[in-house]
Amino acid sequence: MGTSDFLKMLFGFLNSEVKYAVLRNFEGLPYRNDSRDIDIAIEKVDLKRIQSRLIALIEKCGWSIVTYLNSDRLVTWVCGIVQEVNRVELVQLDFFFHTSVFGIVLIENKKILEHRQFNGEIYHADKTFEFLDKYMYDRAVGVAYPEKYMQTRLVVKDNQKVKQLVAEVFGKDTLLACDKARKKELLKAALKWNFKRFGLGVVAHYWQFEYYHIKNYLCSNTGFSIGFTGPDGSGKTTVIDLLIENLGDVFRKAHVYYHFRPVLFGNLGEVAHSAGVKKEVDRNYSQPHRGGKTGKVSSMVRLLYYSLDYIVGYWLKVKSVTRITRLVIFDRYYTDIICDSRRSRIYLNYKFLYGFGKLFIPSLDYNILLTAGTDTILARKRELDEEGIRLINKKIDYLANKKGYKKILNERTPEETVTEILSYIFEKQHNKNLRRLK
């Protein structure tokens, strides 16, 4: 089922079952989605009530819940389907419980829902709250109201409800005065209004915000991470580029791409040179297998140095991204140290390296072992000889039997390979998110 039919089913269900309002960019719905995401105002208790039936509807349509985020102010579901070769469709649904920032409520949903309108297909916010929801949030976080929505502002700038709510929450008589105010000033006024409106409930709101913030950072990946490992010539770069393209607007600008490691620390040779330990550095990076064989002590030093980068870099660079429904991609990860000792110049037993990584190295959500037959690889790129390819594929076969690894033979077109990878990831993500939603 394509996006249009999926959205018709979705909004048909919402229309009959719950009180909601799409906040903006609703003009094409449900026949097309003109925005990266669909922002929907809904009461938290109502979403909880329909959740199981909504999931059943998504599954009936053949779609998966690819990412899921639960916070104090919204729930995000990114739903997706792999239709056929080289055709992936995604819809991001953001269910908002109130307009707030740092646990400070700016607009209660009941006000938005009281004034919602129906255009014959969907319920949506009226122009007043379409403007206020975006404007008040942006001002509270210290950014300007987007130029692309300026027409909406012009329509409601003299509206009494707009003036009343801005004065009530932010303490400003006009939008121009609010435009010029500092973030700290507006938050202080909003907090004062919250105490008047909710009393000590403000404390509960703040701790709820902190709870979800800490939980999402430490305990769950609402986005996901993918690592690609394989011999040169297996087609990693082409597959990764095509995969990002297939993930469309939802992830195209919401992903981070690393090569080999997070690079929190510099190249070991460069660091040694800067410290005066090494006189010269070989910077011929176009030949990754140029280095000579290292001994066990040197290999262990390299392993420990890179491991520190993986461990600290994961929490600072990877987890900070995947906690908010975004995507991290590695063209090679720690798995490459296991499979290709010549590249990393870590000549230690691959079974030891696997056990070491299992104990100490943060694991990515998906580890794709991308390879092909020797003749295919040699025809694409002659970075390795037949023996080098055989050794890497031997280690890939070893890892393929371990939990968390998926071997993919890239003997077909890149489009077919990407379709297989995304079908695998979507299925795994859906099952993982169903467990989170229980």
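Start by selecting Arg-182, Lys-184, Lys-188, Lys-192 and Lys-196, which gather in a patch of positive charge on the surface. Patch members have over 30% relative accessible area and no salt bridge, and like charges are joined within 9 Å. A salt bridge here means a side-chain nitrogen of Lys or Arg within 4 Å of a carboxyl oxygen of Asp or Glu.

Before moving on, a word on the model: it is predicted, so local features need pLDDT of at least 70 and side-chain atom pairs pLDDT 80 or more, while totals for chains, interfaces and linings use all residues. Residues are numbered from 1 along each chain as its sequence is written, and side-chain values use heavy atoms, without hydrogens and water.

Lys-192 sits in helix H8 (residues 183-198) and is exposed, at 55% relative accessible area. Helices (H or I, at least four residues) and strands (E, at least two) are DSSP runs, numbered from the N terminus. Buried means under 20% relative accessible area, exposed over 50%, and partly exposed in between; the areas come from the Shrake-Rupley method with a 1.4 Å probe, and for residues only the protein chains shown count as cover.

Zoom in on Asp-385, in the loop between helix H17 (374-380) and helix H18 (386-400). Its relative accessible area of 44% makes Asp-385 partly exposed.

Next, show strands S6 (residues 98-101) and S7, which run antiparallel and are joined by four bridges; pairing requires at least two DSSP bridges. Look across from His-98 and you will find Glu-108 in S7. Two residues separate the strands of this hairpin, where Phe-102 takes a positive phi near 55°. Five of the five residues of S7 (residues 104-108) are buried, so this strand is largely enclosed by the rest of the structure.

Then go to Tyr-68 in strand S3 (residues 64-70). Tyr-68 counts as buried, at 10% relative accessibility.

Finally, zoom out. The chain has 19 helices and 14 strands, and 53% of its 438 residues count as buried. Along the principal axes, its C-alpha atoms fill a box of roughly 75 × 50 × 35 Å.

Terms used. Patch = residues over 30% accessible without salt bridge, like charges linked within 9 Å, V, L, I, M, F, W, Y side chains within 5 Å. Lys, Arg positive; Asp, Glu negative; His and termini not counted. Charge placed at Lys NZ, Arg CZ, Asp CG, Glu CD. Buried < 20%, exposed > 50% of the residue type's maximum accessible area, 1.4 Å probe, protein only.
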